[in-house]
Amino acid sequence: MIEVGYKYTEESACFIYVKDNGIGIREKHIETIFKLFKRLHGKDKFGDGTGVGLTIVKKIIERHGGKIWLESNYGEGTTFYVKLSEN
């Protein structure tokens, strides 16, 4: 299952989120997944990605003054959050 949505905070900030019920990400790997060409699994597991997707997403968001982060429970899934600058 994948859920995409948004939330407003009390400070009127808007966060976009993408949530899944996949395998999750261990805390020690959270920074690694945003590095260029870094994959947590071999190409024969979980698709054949190159390890550039999240790096590109992070660069684009930061260039626009935003922030991306995630919360994950290993074995339960991950939620990615994006906050863009108001400017």
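Two strands count as paired if DSSP finds at least two bridges between them. With that in hand, here are some close-up views of a predicted model.

**View A. Strand S4 and its pairing with strand S3.** Strand S3 covers residues 67-73 and runs antiparallel to S4, with 7 bridges joining the two. Look for Trp69, which stands opposite Tyr81 of S4.

**View B. The hairpin turn between S3 and S4.** Here S3 and S4 form a hairpin, with 3 residues between them. Do stop at Gly75: this turn residue has a positive phi of about 90°.

**View C. Strand S4 and its pairing with strand S2.** S2, made up of residues 14-20, also pairs with S4 in the antiparallel sense, this time over 6 bridges. Lys19 has Thr79 of S4 as its bridge partner.

**View E. A closer look at Thr78.** Thr78 is a residue of strand S4. Its relative accessibility is 3%, and buried means under 20%, so Thr78 counts as buried. The side chains of Thr78 and Ser72 are joined by a polar contact of 2.8 Å. Leaving aside residues up to four places away in sequence, Thr78 touches Val18, Lys19 and Asp20, then Gly24 and Ile25, and finally Leu70, Glu71 and Ser72.

How values were computed. Residues are numbered from 1 along each chain as its sequence is written. This is a predicted model: local features need pLDDT of at least 70, side-chain atom pairs count only at pLDDT 80 or more; totals for chains, interfaces and linings use all residues. Side-chain values use heavy atoms; hydrogens and water are left out. Helices (H or I, at least four residues) and strands (E, at least two) are DSSP runs, numbered from the N terminus. Buried means under 20% relative accessible area, exposed over 50%, partly exposed in between (1.4 Å probe, protein chains only). A polar contact is a pair of N or O atoms within 3.5 Å; within protein, one must be able to donate a hydrogen and the other to accept it, and residues adjacent in sequence count only if both atoms are side-chain atoms. Contact means heavy atoms within 4.5 Å.
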